[in-house]
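Please keep the sequence and the model open beside you while you read this note.

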Amino acid sequence: MSNQISSSLKKGKKVLSFGEILLRICPDMDGHWLKENKLPFYVGGAELNVATALALWNVPSAYLSAMPQNSVTEEIADYLNKKNVDTKPMVYGGERLGLYYLPKGKDLKNAGVIYDRANSSFASLKVGQINWDELFEGVSWFHFSAICPAINQAVADVCLEALKVASAKNITISLDLNYRAKLWKYGKEPNEILPELAKYCTLIMGNVWAANKMLGTALHDDLKPAEGYAKERLLQQAEDTSKEILSLFSACKAVANTFRFDNGKGIRYYTALYTSEQLTVSPEYVSDEILDKVGSGDCFMAGLIYGFYNDLSEADTLNFATAAAYDKLYIPSDATTSTVADIENRIIR
């Protein structure tokens, strides 16, 4: 790929993902978890899902979060290391791990999620605590999401601190515009925080509604709700939004948009990537039933990074990322367990 993202990457250098490590606790909706004293859980967090996928796909992957120092977190770090995720950047300290409860079958974007993250180790991070200059040695890509600055102003400031150092080192930076309404509780709206962070980012991923909410981009009046519009209309909005993002944030070289709509118990899913003044559109994936919506968008983000890192064409990058995200809908965990070969077999040719 001859675009400006791939040309700045150095193979063999790491992708560093930054975000809060979480335990997802999954009660069933029939009360069996109470009767049987069994409560399934997964180790996750949006950025960790990206780091785990990249490690599985043989992209050198490191992960930075914050955890208290105890026997449980040591086991978690060992578990991640065995998945080839480099946890040496991890910050140890603070009081607790963040948790969230998500009844089985529910979606993070709906009212089903219950957060238990207050005063976590990650939420307690402060500017000056992390030696970014040292951490970015051997790193060519830095990834974070809009969930980080949603937690509190201090973590938003840590994000900005990281981005300034990464930018000065010419590190490629990606941002996932994850919007979590239940997290923005410290008196700031997303569009008061995210534009300052986005101006350092090379690749911005999300959807047209998230970009409107978080970056203040324009949204056609008839697209204010997020359901029931013709594909051509949505793709035109994706192109318009992408062009606006590139005009607002000069560091940005590519914008990706996802479109995921319920289809009975299943999903309609397609994506678009705007770069080099061209909109590339994925095939559309349709399913009648799925297993787990959590982590699909993270898998898409990881797929984009995988494609750019390996210098794939725009179309091949988007097709891999889209198939990876769709494949994740059939995996009941936070992170994908599918190999590159598994995902390539999913791609609609």
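1. A polar contact is a pair of N or O atoms within 3.5 Å, where, within protein, one atom must be able to donate a hydrogen and the other to accept it, and where residues adjacent in sequence count only if both atoms are side-chain atoms. By that rule the side chains of S287 and Y330 are joined by a polar contact of 2.6 Å.

2. Before going further, note that this is a predicted model, in which local features need pLDDT of at least 70 and side-chain atom pairs count only at pLDDT 80 or more, while totals for chains, interfaces and linings use all residues. Residues are numbered from 1 along each chain as its sequence is written, and side-chain values use heavy atoms, with hydrogens and water left out.

3. S287 belongs to strand β16, residues 285–287; helices (H or I, at least four residues) and strands (E, at least two) are DSSP runs, numbered from the N terminus. Because its relative accessibility is 4%, S287 counts as buried, a word that here means under 20% relative accessible area, with exposed meaning over 50% and partly exposed in between (1.4 Å probe, protein chains only). If its neighbours within four places in sequence are set aside, S287 is in contact (heavy atoms within 4.5 Å) with N263, G266, I267, Y326 and Y330.

4. Helix α4 covers residues 71–82, and its 12 residues reach 17 Å from the first C-alpha to the last, close to the 16 Å expected, where the expected span is 1.5 Å times one less than the number of residues. At the N-terminal end, α4 is capped by N70, which has a side-chain oxygen 3.1 Å from the backbone nitrogen of V72. Just after the helix, N84 takes a positive phi of about 70°.

5. Which residues of α4 are buried? They are T73, I76, A77 and L80. Seen down the axis of α4, these buried residues fall within an arc of 100°, so they line one face of the helix; the arc is that of the directions from the helix axis to the C-beta atoms. The face turned away from the buried side carries the exposed residues S71, E75 and K82.

6. For the chain as a whole, there are 13 helices and 16 strands, and buried residues make up 57% of the 349 residues. Along its principal axes, the C-alpha trace spans about 50 × 50 × 45 Å.
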